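Here is a short note on side-chain contacts. Please read it with the structure open.

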Amino acid sequence: QVQLVESEGGLVQAGDSLRLSCTVSGGTSYAMGWARQAPGKEREFVAAIGWTPGTEVYADSVSGRFTISRDTRKNMLYLQMTDLKPQDTAVYYCLAGVRPSVYVGSYDNWGQGTQVTVSS
């Protein structure tokens with residue numbers, strides 16, 4: 001079974017940038033993505049990518065600010081976050097699944113999550 005481990009998040013200020021990474025072991029998945037969960041809210045889709053560039057999908061709330069990428073040779077997934085806002089504060093999860101999808105329930109494997117806090 002695919003295992004996913006996110007890098008440590010952090011505490012940043014509004015307008016800062018932060019890059020999350022996800023180490024994949026135990027296999028490969030065609031589709032990978034990121035979701036997040038803010039306090040008191042449901043988990044929401046952030047971004048997803050297929051096996052090759054050009055297959056990226058983003059939530060409207062992060063489009064233009066976040067960039068998802070993957071290194072298939074190293075089996076790594078990344079999320080470059082720029083112009084961070086306090087509303088981006090959440091636990092971020094790495095996802096693996098069959099196809100890129102905006103539906104978080106379609107992903108079979110999840111990481112343990114990493115906290116990102118954006119102060120105003």
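1. Basis. This is a predicted model: local features need pLDDT of at least 70, side-chain atom pairs count only at pLDDT 80 or more, and totals for chains, interfaces and linings use all residues. Residues are numbered from 1 along each chain as its sequence is written, and side-chain values use heavy atoms, with hydrogens and water left out.

2. Salt bridges. The count is four. A salt bridge is a side-chain nitrogen of Lys or Arg within 4 Å of a carboxyl oxygen of Asp or Glu. One of them joins Lys85 to Asp83, at 3.4 Å from N to O. Asp83 is partly exposed, at 37%.

3. A buried pair. Arg65 and Asp88 form a salt bridge of 2.8 Å, N to O. The two are 23 residues apart in sequence, so their pairing ties separate parts together. Arg65 is buried at 11%. Asp88 is buried at 0%.

4. Arg36 bridges to Glu44, with the closest N and O atoms 2.6 Å apart. Arg36 is buried, at 5%, whereas Glu44 is partly exposed, at 35%.

5. Tyr93 counts as buried, at 10% relative accessibility. Trp110 is partly exposed, at 27%.

Note on methods:
Buried < 20%, exposed > 50% of the residue type's maximum accessible area, 1.4 Å probe, protein only. Helix = DSSP H or I, 4+ residues; strand = E, 2+ residues; numbered from the N terminus.
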